[in-house]
Amino acid sequence: MSQRIADLHIHTHFSDGTMSPEEVVAAAKEAGLAAIGIADHDTIDGIAPAKAAADLVGLEVVPGVELSSEYHGKDIHILGYFFDLKDSPLVRLLGNIQLGRMDRMRKMVSKLNQMGVKDIAFDEVCGQLKSDSVGRLHLAKLLVARGHVPSLNAAFEKYLGEGAPAYYPKFKQTPIEAIKLIKDSGGISVLAHPMLTQKDELIPEFVRAGLDGIEAYYPNCSMEVANFYVGIAQKHGILISGGSDAHGKGKDSTWIGKAYLPYEHVEKMKEWLRR
Ligand code: AMP
Ligand code: ZN
Ligand code: FE
Ligand code: FE
């Protein structure tokens, strides 16, 4: 492949992906990527093993994380890249966020039990975990495995989606707090999948708070949509990002390298940090 490309939004089994960091690196090499961003939900545990594996095959790993935040009841995801992994406000907060995820999972399991879904226990949900970053996808997979719903999508529609009866919100960080946290930790903040979130009217406020970029390239979205978000980023003079949001097996509408962006945008991120 002549053009160098990057996929900056990949989950591993340290959050709710199914692939190990080593498997992710092998798949990224296979897909012809020059760089990958490991962006697990609320954990950085996948980054070091991915780097170790990637060093052996000449692949670059961009350190990342996908933070959840809430704006008037709406779940908004903010990606952080290139932050200080050793000692930063962000890394220190992740431990608390993970405790909050555990507590919330107990509440969702208890809601399900009360609704008559009796054969699912908190410990079983956690049995799938490689870190403390437990999420709704883990629970959804168990609901499918036990035959309560035919598909992951049905699990979210019937039980776990925002507003569904077993849904429980995570924690009270706002998008602006997440953006500031990433900046205070030396990183770049990027609005994740705006085409899914559909809150474009908030982008100017996020930019004023320090948002550094927008995820314009995303799977199953047209070139028109991508270009629309590239245009918004350019209008605000901020960065462009993109990636597959691959979660491995089970969520097969996307895979590593399905959405990608030219590597020059990774270079622009590094320049942005040097300014
Ligand atoms: P959580 O961080 O625990 O709130 O879980 C959010 C994750 O659930 C997202 O990152 C997706 O991986 C997954 N998810 C949300 N909606 C759906 C859906 N309709 N089908 C499959 N997975 C979903
Ligand atoms: Zn996920
Ligand atoms: Fe997300
Ligand atoms: Fe994601």
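Author: Donors are N, O and S atoms within 2.8 Å of the metal (3.2 Å for Na, K and Ca), and water is not among the atoms, so sites may look incomplete. The model is predicted: local features need pLDDT of at least 70, side-chain atom pairs count only at pLDDT 80 or more, and totals for chains, interfaces and linings use all residues. Residues are numbered from 1 along each chain as written, chains are lettered from A and ligands numbered from 1 in written order, and side-chain values use heavy atoms, without hydrogens or water.

Reader: What arrangement does the site of the zinc ion (ligand 2) have?
Author: D16, H41 and H247 supply its donors, at 2.0 to 2.6 Å. Four donors are tetrahedral if all angles lie between 85 and 135 degrees; four are square planar and six octahedral if opposite donors are over 155 degrees apart and all others between 65 and 115; anything else is irregular. Angles among the six donor atoms here run from 51 to 155°, and the site is irregular.

Reader: How many residues apart are H41 and H247?
Author: The spacing along the chain is D-x24-H-x205-H. H41 sits in the loop between β2 (35–38) and α2 (47–57), and H247 in the loop between β7 and β8. Helices (H or I, at least four residues) and strands (E, at least two) are DSSP runs, numbered from the N terminus. The pair links distant parts of the chain, and the separation in residues is 206.

Reader: Are H41 and H247 buried or exposed?
Author: Buried means under 20% relative accessible area, exposed over 50%, partly exposed in between (1.4 Å probe, protein chains only). Both H41 and H247 are buried.

Reader: Why is the arrangement around the iron ion (ligand 4) called irregular?
Author: H9, H11, E66 and D245 coordinate this iron ion, at 2.1 to 2.3 Å. The arrangement is irregular because the angles subtended by its four donor atoms are 79 to 168°.

Reader: Which residue bridges the iron ion (ligand 3) and the iron ion (ligand 4)?
Author: H77 lies in strand β4 (residues 74–81) and H193 in the loop between β5 (188–191) and α8 (194–197), 116 residues apart. H77 and H193 are both buried. The two iron ions lie 3.5 Å apart, bridged by E66.

Reader: Which residue has a side-chain N or O atom 2.8 Å from an oxygen atom of ligand 1?
Author: The residues around ligand 1 (a heavy atom within 4 Å) include D16, H41, R101, K170 and H247. For R101, the distance from a side-chain N or O atom to an oxygen atom of ligand 1 is 3.0 Å. For D16 it is 3.5 Å. The residue at 2.8 Å is K170.

Reader: Which strands stand at the edges of the sheet?
Author: The open sheet has eight strands with mixed pairing, in the order β7-β6-β5-β4-β3-β2-β1-β8. Strands pair if DSSP finds at least two bridges between them. Each edge strand has a single partner, so one side is left without a neighbour in the sheet: these are β7 and β8.

Reader: Which residue in β4 is the bridge partner of S69?
Author: β3 and β4 run antiparallel, joined by eight bridges. Across from S69, the partner in β4 is I76.

Terms used. A polar contact is a pair of N or O atoms within 3.5 Å; within protein, one must be able to donate a hydrogen and the other to accept it, and residues adjacent in sequence count only if both atoms are side-chain atoms.
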